[in-house]
Amino acid sequence: MQRALEQALAARSQDEVPIGAVLVHDGKLLAEAFNLTRTWSDPTAHAESVAIRRAAEKLGGWRLLDATLYVTLEPCAMCAGAIVLARIRRLVFGAFDPKAGMCGSLGNLVQDARLNHRVELTHGVMADSAGELLRAFFRARR
């Protein structure tokens, strides 16, 4: 999670919303990313989505079985769906997102029994640090 927080700091330095993601596979760093929605003018360029794309490209396939995704903020519906579709085994996130989070806050897409894949979920890891980084970013913008 520390590495994901470092990615979030990199996002902040580029005036992106400070969210970072790291994908680990077989104990090795597979991909890392931060939000690039403003930089790329792409509403889908969330840290999780960018990391998943990079990992799939690196592995040469879309199934990220046995991978763990670390992300500083609870994923939204789009990212939660991508996590399920990529067959990521485990998701670890920091701060909850009561406005858009779909891994416990507004719903729990990654563990929905109606879907063909469910993700092991751990939350609250370094939540204070991740949450404060986001709060400080938005305070500074006001």
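Where is the place of Val22?

Two notes before we start. This is a predicted model, where local features need pLDDT of at least 70 and side-chain atom pairs count only at pLDDT 80 or more, while totals for chains, interfaces and linings use all residues. Residues are numbered from 1 along each chain as its sequence is written, and side-chain values use heavy atoms, with hydrogens and water left out.

**Exercise 1. Find the place of Val22, and list what Val22 is in contact with.**

Step 1: Look for Val22 in strand β1. Helices (H or I, at least four residues) and strands (E, at least two) are DSSP runs, numbered from the N terminus.

Step 2: Now the contacts, meaning heavy atoms within 4.5 Å. If you leave aside neighbours within four places in sequence, Val22 is in contact with Arg3, Ala4, Gln7, Leu29, Ala31, Glu32, Thr68, Leu69 and Tyr70.

Step 3: Compare sequence and space. Val22 and Trp40 are 18 residues apart in sequence, and their C-alpha atoms are 19 Å apart in space.

**Exercise 2. Decide whether Thr72 is buried or exposed, and name its contacts.**

Step 1: Go to strand β3, where Thr72 lies.

Step 2: Read off the relative accessible area of 1%, which means Thr72 is buried.

Step 3: Skip the neighbours within four places in sequence, and Thr72 is in contact with Met1, Ala4, Leu5, Ala8, Pro18, Ile19, Gly20, Gly94, Ala95 and Ala130.

**Exercise 3. Describe the largest nonpolar core.**

Step 1: A nonpolar core is a set of buried Ala, Val, Leu, Ile, Met, Phe, Trp, Tyr and Cys residues joined through side-chain atoms within 4.5 Å.

Step 2: The largest core has 38 residues, and Leu23, Leu64, Ile83, Ile88, Leu91 and Val110 touch the most other members.

Step 3: See which elements take part. Those giving two or more residues to this core include α1 (2–13), β1 (20–25), α4 (77–85) and α5 (127–141). The most comes from α3, with 5 residues.

Step 4: Zoom in on one member. Not counting residues up to four places away in sequence, Leu91 touches Leu69, Val71, Pro75, Ile83, Cys103, Val110, Val119, Glu120, Leu121 and Thr122.

**Exercise 4. How many salt bridges does the structure hold, and what do some of them link?**

Step 1: Start with the idea. Side chains of opposite charge can pair when their charged atoms come close. Here, a salt bridge is a side-chain nitrogen of Lys or Arg within 4 Å of a carboxyl oxygen of Asp or Glu.

Step 2: Count them up, and the structure holds 8 salt bridges.

Step 3: Take the pair Arg38 and Asp15, whose side chains meet at 3.9 Å, N to O. This pair links distant parts of the chain, with Arg38 in helix α2 (residues 37–40) and Asp15 in the loop between α1 and β1, 23 residues apart. Asp15, Arg38 and Arg141 are linked in a network of salt bridges.

Step 4: Next come Glu120 and Arg90, which meet at 3.5 Å, N to O. Glu120 lies in strand β5 (residues 120–123) and Arg90 in strand β4, so the pair ties together parts that are 30 residues apart in sequence.

Step 5: Finish with Arg114 and Asp112, whose closest N and O atoms are 2.6 Å apart. Arg114 counts as exposed at 74% relative accessibility, whereas Asp112 counts as buried at 17%.

Methods: Buried < 20%, exposed > 50% of the residue type's maximum accessible area, 1.4 Å probe, protein only.
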